[in-house]
Amino acid sequence: MKIHEYQAKSILRSYGVPIPRGEVAYTAIEVRNAAKRLGGGAVVVKAQIHAGGRGKGGGVRLAKSASEAEQCAKAILGMTLVTPQTGPRGKEVRRILVEEALEVQREFYLGLLVDRSVARVVILASAEGGMDFVEVAARAPEKIVRETIDPIGGFQPYHSRKLTFALGMGGDQIKHLVRLLGGLYKAFVATDATLAEINPLVLTKGGDLLALDVKMTFDDNALYRHQDIREMRDQDEEEPLEVEASSYGLNYIKLDGNVACMVNGAGLAMATMDLIQLAGGQPANFLDVGGGATAEQVTHAFQILLRDPAVRAVLINIFGGIMRCDVVATGVVEAARKVDVSVPVVVRLEGTNVEEGRRILEGSDLNLTIATGMRDAAAKVVALARERAS
């Protein structure tokens, strides 16, 4: 789960990470009043969406007064902000973070993530942070320093010292960064985060280290332990079909293709998407109904697939173990009778009660294409999607 910048900063502040003074606001008047409370001088007006690259998209602006901050807010609130991370559709700005303006001397990058290849938390650091960090990482990856943390020993002061030297810090800066990194690591572990990123971490002309921009994401499977973080969820920032699917206990992720996939099991989903691409197509989604889905859940899953306007064909690929093929077939028939099925549907069923499942499908009035295997299913659905798109 993702959260907004101001929410991530609130979490890090509680763990001792230094954050600039700021307030969240939802209207231009609130922005003006927040700027006054911050001293009435220069402030930064920052659009709050779940994406990076906001500055280059016009979503971060410097205002020299409270009245200018209000004008900036009027321009930003309600705008559709398009960045490389939002895709071409962009995201509507509904809230703003107003922060004190800082005199910045240097910018750095700090990030914590889980490196699954070594089953460790890894700290990434670079002396070249800021808006162009992605380009720096692609052009000169050697400028990024990695420090792997053993989960038994946890974060230790020597990790910080090694990073400060790599970043070219000295004097009191070392002490400040040791404290900051310790708090950042504690926050990462305590909240079950999967990413905690400070970009940029700035050194001000006054010698302070502050987290100027923060991004955090969390493990969905651990949110039951963090009711406070669950309440930070902003469904307006999420794909509507993904939100709907989660309400039915379905795992759905929107992709960029035109072949919809309904499967049971993450491994089968990945294999199905691979076969679609090998056949020359592109999957429109990842939809896993799970091993024990009911006919009602299958009905909802099928309806969600058909509501995606990009879909030109649907592949239902089910291996019946705990999930019986007749339950899947019943759900598909029920869903098809409730909505207008305007695209071709290919079905591949194997496993428990497969014969009964096929009888249910064949006895329906649906126009279905039955596949005999996974490769056959992928080839048929890609060919039908191409016909539909042409």
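Cys-261 counts as buried, at 3% relative accessibility, where buried denotes under 20% relative accessible area, exposed over 50% and partly exposed the range in between (1.4 Å probe, protein chains only). Cys-325 is likewise buried, with a relative accessible area of 0%. The model is predicted: local features need pLDDT of at least 70 and side-chain atom pairs count only at pLDDT 80 or more, whereas totals for chains, interfaces and linings use all residues. Residues are numbered from 1 along each chain as its sequence is written, and side-chain values use heavy atoms, with hydrogens and water left out.

With a disulfide defined as a pair of cysteine sulfur atoms within 2.5 Å, the count is 0. Cys-261 takes part in no disulfide, the nearest cysteine sulfur being that of Cys-325, 18 Å away. For Cys-325, the closest cysteine sulfur is in Cys-261, and the 18 Å separation is too far for a bond.

The largest pocket holds about 1600 Å³ of space. A pocket is an open set of points on a 1 Å grid over the protein atoms alone, where a 1.4 Å probe fits, with protein on both sides within 12 Å along at least five of seven lines; lining residues have an atom within 4 Å of a point. The volume is the space filled by probe spheres set on the points, which are joined across faces, edges and corners.

The lining of this pocket comprises 39 residues, and Glu-238, Glu-239, Glu-242, Val-243 and Tyr-252 lie nearest the centre. At least two lining residues come from each of α8 (240-247) and β13 (251-254), and α8 gives the most, with 6 residues. Helices (H or I, at least four residues) and strands (E, at least two) are DSSP runs numbered from the N terminus.
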